[in-house]
Amino acid sequence: MLINNFRDTNLFHTTNVFFINISKDLCMNLLVNKNQILIAEIMHREHPSSPLSTASHKTPRERFVAAVQRSHLRARAIAHHIEVAAVNVGASQFTSSVHSGVGEYLMNIAIGTPPQIFTTIMDTGSDLVWTQCDPCNECYPQNDAVFNPAASSTYQLLSCTNPLCLELPSTACTGANACEYGYGYGDGSITEGYFSSDSVSFPASVGTVPNIAFGCGVANEGNFGAADGLVGLGQGPVSLVSQLRNANIEPIFSYCLVGIYSTSTSPLLLGNASTVGIAFTPLVANPINPTFYYAGLTGITVNGAQIDYPANSFAVNATDGTGGLIVDSGTTLTYLVQEVYTPVLEAFEALVTYPRVDGSSIGLDLCVSPPSANADYPNIVYQFANGSNFEVPGNNVFLLVDPPSNTTCLSMAGIEGFSILGNIHQQDHLMVFDLAAQQIGFKSVACNTL
């Protein structure tokens, strides 16, 4: 096993988190555009039904401050990951300081025949799919029983020569030619075990994806919270979305996030759903950070006025991996490189004249206290390559933080090195991540009506 050697190494990766329940009614229609799809629902970590919800003992302000802190941690983790990845180009390891249990959403997934159901972290910033497995030599506590390979008629160990085994950042080979993996996170959390394959489905859903490669973790410890494992939806070959080809499902997924305070869930689609009305822009390659989804940003307007900023502020540097705009559902805030964020902030400061509130304790730069919670705020429009415009309405640009005082804050921050389009700005947009055509799409939609 890798366990004795792995814990002293720096094989770290980044995570994004989702919580998913499946709607059986939605899943009855599995053919859209003659292509099979699977339809699920994603749930924010603060949703009333989420096991991670802190609503019973935290005020809305405290919950928002915690979300901001997680967002800042996530942004710092990605920055560290890019920095270390650039140093280790061509090496079989990379590092990140992201906390494995930090994220905004989680997911239910069923593995095996008959299916065994697990609550997992869904991570659009990593690729590996894994869950805790029996016999679990060193496992952290979880609410569900660990996966029992012996109880699944479709479970198989993958060999060391399997192409997907060769794609993992750290592996070893047993005497029986079984592929072992080691995967770590920057907070010291780790998973190690056997790289395997089995059928994957979703609870209460019709349809099964066969032969999905995943990590059967027998030595796992760290900050995974109540999750039974993780599901990677990045661009790499071992991610769940990349492996959809096993069931003749195109490697595409999409979601539509409801408001952060909504009691509704959000839909998630795996496969090629209808693209009517979707505006697409090409994905931008970053050879240093290939798992994340980058889009080419060409301009920004605030309340219709074009923002002036240095040219190439959003260009990806192929040498060190810096630059670019990451579309990331696991980051709450939107971060712009400082040379762009400063004029954007100044534009909002000039337009929003409500009484100022000190936002330093919240971790944000612009907070106000309007006379009404229904106050109006200016919008922001992100202009992408191919002429696609992504409009964020004022009520997603400024978010109510403290209902008793009507304190409302700009859901943006400055950063060095790269930019992130966060999940608040993505709310009420159908977001499409198309690995097959190497493009990302979006459409303004009232997500709670879907």
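**Disulfides**

I started with C367 and C409, which form a disulfide with their sulfur atoms 2.0 Å apart. This is a predicted model, so I keep in mind that every value here is computed from it. For the link of C367 and C409 I get 105° about the S-S bond, which is right-handed. I then looked up where the two ends sit: C367 is in strand β24 (residues 367-368) and C409 in strand β28 (residues 407-410). They are 42 residues apart, and the pair links distant parts of the chain.

Buried or exposed, I wondered about C367? C367 has 1% relative accessibility, so I put it down as buried. C409 comes out at 0% and also counts as buried, the cut-off for that being under 20% relative accessible area.

Next I checked C133 and C216. Their sulfur atoms are 2.1 Å apart, and they form a disulfide. Which hand does this one have? The torsion about the S-S bond of C133 and C216 is about -120°, so I noted it as left-handed. C133 lies in the loop between β8 (130-132) and β9 (156-157), while C216 belongs to strand β13 (residues 208-221). The two are 83 residues apart in sequence, so the pair ties together separate parts. I read a relative accessible area of 0% for C133, which makes it buried, and 2% for C216, which is buried too.

The S-S torsion reads 85°, and the link of C165 and C179 is right-handed. I found C165 in the loop between β9 and β10 (171-173), and C179 in strand β11 (residues 179-185). Those positions are 14 residues apart, and again the pair links distant parts of the chain. Both C165 and C179 are buried.

How many disulfides are there in total? I count 6. With the bonded cysteines of the protein chain numbered in sequence order, I wrote the pairing down as 1-8, 2-3, 4-6, 5-7, 9-12, 10-11.

**S242**

I moved on to S242, which sits in the loop between β14 (229-232) and β15 (252-256). It has 9% relative accessibility, so I count S242 as buried despite the loop location. What does its side chain meet? A polar atom of the S242 side chain lies 2.7 Å from the backbone oxygen of G236. G236 also turned up when I listed what S242 touches, leaving out residues up to four places away in sequence.

**Cavities**

I found 4 cavities of 30 Å³ or more. The largest cavity has a volume of about 50 Å³. Which residues line it? My list for the largest cavity reads I42, M43, H44, Y105, V258, G259, I260, S262, S264 and S266. Strand β5 (residues 38-44) gives the largest share of that lining, 3 residues. Sorting the lining by class, I got 5 nonpolar and 5 polar residues, with no charged ones.

Terms used. Residues are numbered from 1 along each chain as its sequence is written. This is a predicted model: local features need pLDDT of at least 70, side-chain atom pairs count only at pLDDT 80 or more; totals for chains, interfaces and linings use all residues. Side-chain values use heavy atoms; hydrogens and water are left out. On a 1 Å grid over the protein atoms alone, a cavity is a set of points where a 1.4 Å probe fits but cannot get out, and a pocket is an open set with protein on both sides within 12 Å along at least five of seven lines; lining residues have an atom within 4 Å of a point. Grid points are joined across faces, edges and corners, and a volume is the space filled by probe spheres set on the points. Helices (H or I, at least four residues) and strands (E, at least two) are DSSP runs, numbered from the N terminus. Ala, Val, Leu, Ile, Met, Phe, Trp, Tyr, Cys and Pro count as nonpolar, Asp, Glu, Lys and Arg as charged, and the others, Gly among them, as polar. Buried means under 20% relative accessible area, exposed over 50%, partly exposed in between (1.4 Å probe, protein chains only). A polar contact is a pair of N or O atoms within 3.5 Å; within protein, one must be able to donate a hydrogen and the other to accept it, and residues adjacent in sequence count only if both atoms are side-chain atoms. Contact means heavy atoms within 4.5 Å. A disulfide is a pair of cysteine sulfur atoms within 2.5 Å.
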